[in-house]
Amino acid sequence: MGQSSISLAGSWRFQTDPNDEGITGKWYSKKLNDQVQLPGSMLTNGKGDEVTLKTKWTGSIYDSSWFFNPRYAKYRQPGNLKFPFWLTPEKYYVGAAWYQKEIVIPANWKAQNIHLFMERCHTETTAWLDNIKIGTKNSMVAPHDYELGDMAPGRHTITVRIDNRIKDINVGPDSHSLTDHTQGNWNGIVGKIVLNCFPKAQLKNIQVYPNVTTRSVLVKGLLGGNPSLIKNITITAKAFNNTKADLQKAATLTIQKSGLGADSFSINLPLGKDALLWDEFDPALYRLTVVLSTIDGKEQHLATQFGLRDFTVQGTQFRINGRATFLRGTVENCVFPLTGYASMDTREWERIFRICRSYGLNHMRFHSYCPPEAAFDAADRVGFYLQPEGPSWANHGSSLGDGKPIDQFIFDETDRMMDAYGNHPSYCMLAYGNEPRGGHQAEYLARFIAYWKQKDNRRVNTGASVAMSWPLVPSNEYMIKSGARNLAWGKLPESTTDYTAAIEKFTMPYVAHEMGQWCVYPNFSQIKKYTGPYKAKNFELFQEDLKDQGMGEEAEKFVMSSGYLQTLCYKNEIEKSLRTPGNGGFQLLSLNDYPGQGTALVGVLDAFWDEKGYVGAKQFSNFCNSTVPLLRLPKFVFTDKDTIKGEVEIYHFGKTDFNNATINWKAINETGKMVYEGQFRNKQILTGKNTPVGTFSFEAKNFTKPTKLNIQISIEGTSYKNDWNVWVYPAVAETAKLKSFYATDTLDARAEKVLAEGGKILLLAAGKVVKGKEISQSFTPIFWNTSWFKMRPPHTMGFLVDNKSAAFSIFPTDTHPDLQWWDVISKAQVMHLEDFPAGFIPLIQPIDTWFMNRRLAMLFEVKVGKGKLLVTSLDLGTNLSSRPAARQLLSSLESYLDSPAFDPKTSVDLQTVRDIFHSPSKYVFDAYTKDSPDELKPQPPIKSL
């Protein structure tokens, strides 16, 4: 047949149409006056308007403080516009834009059926061939394919009008399919842009339905054009990416014309009893090639890849080819900061999925958007389970089930997703989208699930990915809900509990919705990575503000310390999920940072999927993997009167069982010396469940001084291992010998006298702080970010500890938080040091939200006149008999005060210290708006079907 496609990549004529003059002005019949390169967007071509204070964005803003706060005034100036909400595009445009290209139809395409294929457009397109309107398409999930028909050979003009406004079909301005919070509301065409030539009889679509039991596939084909011209159709399937592929013979069959329906066909293709199965461990793929031959000697070749797999639910667990699997997932939010739209490159998606695999994940949810074919192709090859979604977050300005155009659009879009990507084995799950609004949403989602259960058995379906306040949809095949997440660290941290109470009422798999969301301080070193049309002006603002508050040199320390705390939270939350019997899995929000909604720095990786420096894949995958050793401990802080007793179990959802496994455990002290060890031998570790393997114990009485231990558990002969820190303190803390200081809870007359005479004071000021009283300190860090949630507490992200100070000589600590600090830090007050000398660094320094960058302290030392003062807002005075860590810290501080090492270098006047306990903060948060995210608004009673 000769050439069957012509690429249209390259230079296109272009013109913006902000006033909608193009249609009435018949711009399709004239030459447009500008140029762009396609594939690409207006933004990647440098087209659009300048970003100003009056730019009308696509996305909600709930924190108006940036627009009014005097401190941000310099960031609102032309030429220095820097806002904190999301990345800043170099140009911005929402409206109609026209694209035009001259084409030449070859002579041998005469009397054939020609199509214009545009892989991904954003969003509504209208196409003209010469002066003839071909039609309009509106899809955010699938290619825009226009049938141009039988075109005369020679020169023609194609004109495409693209409109990226939200019009009648409102999927929600915060939907990741179009919002500025993530990819950006771009205008353009990306991916493949080609003219395709087909015979007059055409294969329009092929769907492949695998049957693992019979090792066969049901092939369904949709025919177009004039099927009476078909001579026969030949179907061939062959494995292509597996070392065993050479053992597989190609399966082939031919359908004669008499076996075809009027516009479709359906036939079963056996693959052989040794056919290869697809899963996360062995992602074996087949290529199905369909050749349509016509009676006049023309041929059309259509290829698709598939995997022989069965993804189902059984009880409360997912099953892949009959074997139980547990979803360890992350949410992908269409974060592509170098382009502003999802990558169309399979290699880039493979890189992303392989990074996720290295961190122990096997699953990805796409929040309110569907990725392009390249993502499915890559996931097929890597062995990754995907949940794409309809392109909608029907909330924040939209709703579902209320008879609006969006209702039908979601059905149409998910139909298009099936047609385009349904054969990919990685396409295992489907949801309408994210957290909808609407009084009839539950009924609508029930219809959605029923529709897809009846239409396509290749995946499992849920109505929506939701938090707790959304109504239940009983017809869900699996549940994505937020109940089975978070850490109960309002109480003593432990590793014995799980999420059973959250999931026990459900009879289908329960997947934790958007688990994590633990914040870390911005890593300013990544600013230089933004070499594309999006700039990290938000990071620049935060960095400059930190410098303005006198803490610019501490930025890297803030990243590392908050990062260690973030990792600790992820470890404990993930392990709690893994401990839960019958759990279906979790979806992190997310492994990488989210650049929008006020800049949500919740990832252990940055927006480019690169490490930040405080945790890598090797360490993370110790507690997040297909196999994870787990340790149940009632607490992490012990006294020398305790017995340390741990229950060991193995979470195992690997490829095969472990037979006669040996599980090793050991306890190592801070010098690296092994102090206790043991083994559990001949253990049968079955896949698809957790297996208890034994209990160990040892007495803590042998530790004669405060000690940090690291308990390690490993499976002999494998790379699977995990570890936990525990602490042992004396049951009776050492008291200060000399008492050469005055301990008080107020700066009373005696305290003033001691200072005036050159004495030393320990000021235990817990509960008495005024300057900083509005700042909420918790052991856990900020959730998502304080801007999007209107400064909802907590407000800090851990703290820095000057662990080289003799103040901590008998209280072992790193520079960052660990669980021995929980009792001391939880709900402690912080002191706002806004009037202290520039550059002053306390001994314990809480890390404030990056929107405020206040200088904070929980422990500091200063000279006051001739005297010396050690001040703490930590509670080191109540219930010490049951608080070994607090008791030990107080002992360490008293020992420090008794020693010559206590010699503060910074002098402040007494009134500056007094103000902490008498004067409120001068710099406080004001959102300047009454609106708030739907998550914070009062919710109506939950209604379920």
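Helices (H or I, at least four residues) and strands (E, at least two) are DSSP runs, numbered from the N terminus. The model shown is predicted; local features need pLDDT of at least 70, side-chain atom pairs count only at pLDDT 80 or more, and totals for chains, interfaces and linings use all residues. Residues are numbered from 1 along each chain as its sequence is written, and side-chain values use heavy atoms, with hydrogens and water left out.

View A. Strand S2 spans residues 10–17 and includes Arg13. With a relative accessible area of 14%, Arg13 is buried (buried means under 20% relative accessible area, exposed over 50%, partly exposed in between, with a 1.4 Å probe and protein chains only). Beyond its neighbours within four places in sequence, Arg13 is in contact (heavy atoms within 4.5 Å) with Lys31, Leu32, Asp34, Gln35, Trp98, Tyr99, Gln100, Glu102 and Thr157. Between Arg13 and Leu874 there are 861 residues in sequence and 66 Å in space, C-alpha to C-alpha.

**View B. Packing of helices H2 and H3.** H2 (residues 346–358) packs on H3 (residues 373–382) at an angle of about 45°, and their axes are 8 Å apart. Axes are lines fitted to C-alpha atoms, for helices over the stretch in contact, and angles run from 0 to 180 degrees between N-to-C directions. The two helices are therefore oblique to each other, given that angles under 35 degrees count as roughly parallel, over 145 as roughly antiparallel, 65 to 115 as roughly perpendicular and the rest as oblique. On the H2 side, Thr346, Trp349, Glu350, Phe353, Arg354 and Arg357 meet Ala374, Ala375, Asp377, Ala378, Ala379, Arg381 and Val382 of H3. This contact of H2 with H3 comprises seven nonpolar, one polar and five charged residues (Ala, Val, Leu, Ile, Met, Phe, Trp, Tyr, Cys and Pro count as nonpolar, Asp, Glu, Lys and Arg as charged, and the others, Gly among them, as polar).

**View C. Packing of helices H4 and H5.** The axes of H4 (residues 405–421) and H5 (residues 441–455) are 12 Å apart, and the helices pack at an angle of about 25°. H4 is thus roughly parallel to H5. Residues Ile406, Asp407, Ile410, Phe411, Thr414, Asp415 and Met418 of H4 meet Tyr444, Arg447, Phe448, Tyr451, Trp452 and Lys455 of H5. Eight nonpolar, one polar and four charged residues make up the contact of H4 with H5.

**View D. The loop between S31 and H9.** Ser590 is placed in the loop between strand S31 (585–588) and helix H9 (617–623). A cis peptide bond, with omega about -10°, joins Leu589 to Ser590. Ser590 is buried, at a relative accessible area of 1%, and a polar atom of its side chain lies 2.5 Å from the backbone oxygen of Asn592. Trp609, also found in the loop between S31 and H9, has a positive phi of about 70° although it is not a glycine. Trp609 is buried, with a relative accessible area of 4%.

**View E. Gln820 and Lys827 on either side of helix H11.** Gln820 is placed in the loop between strand S42 (796–801) and helix H11 (822–825), whereas Lys827 lies in the loop between H11 and strand S43 (831–832). Gln820 counts as buried at 1% relative accessibility, and Lys827 counts as exposed at 73%. A polar atom of the Gln820 side chain lies 3.2 Å from the backbone oxygen of Pro812. Lys827 has a positive phi of about 60° although it is not a glycine.

Conventions:
Polar contact = N/O pair within 3.5 Å; in protein donor to acceptor, adjacent residues only side chain to side chain.
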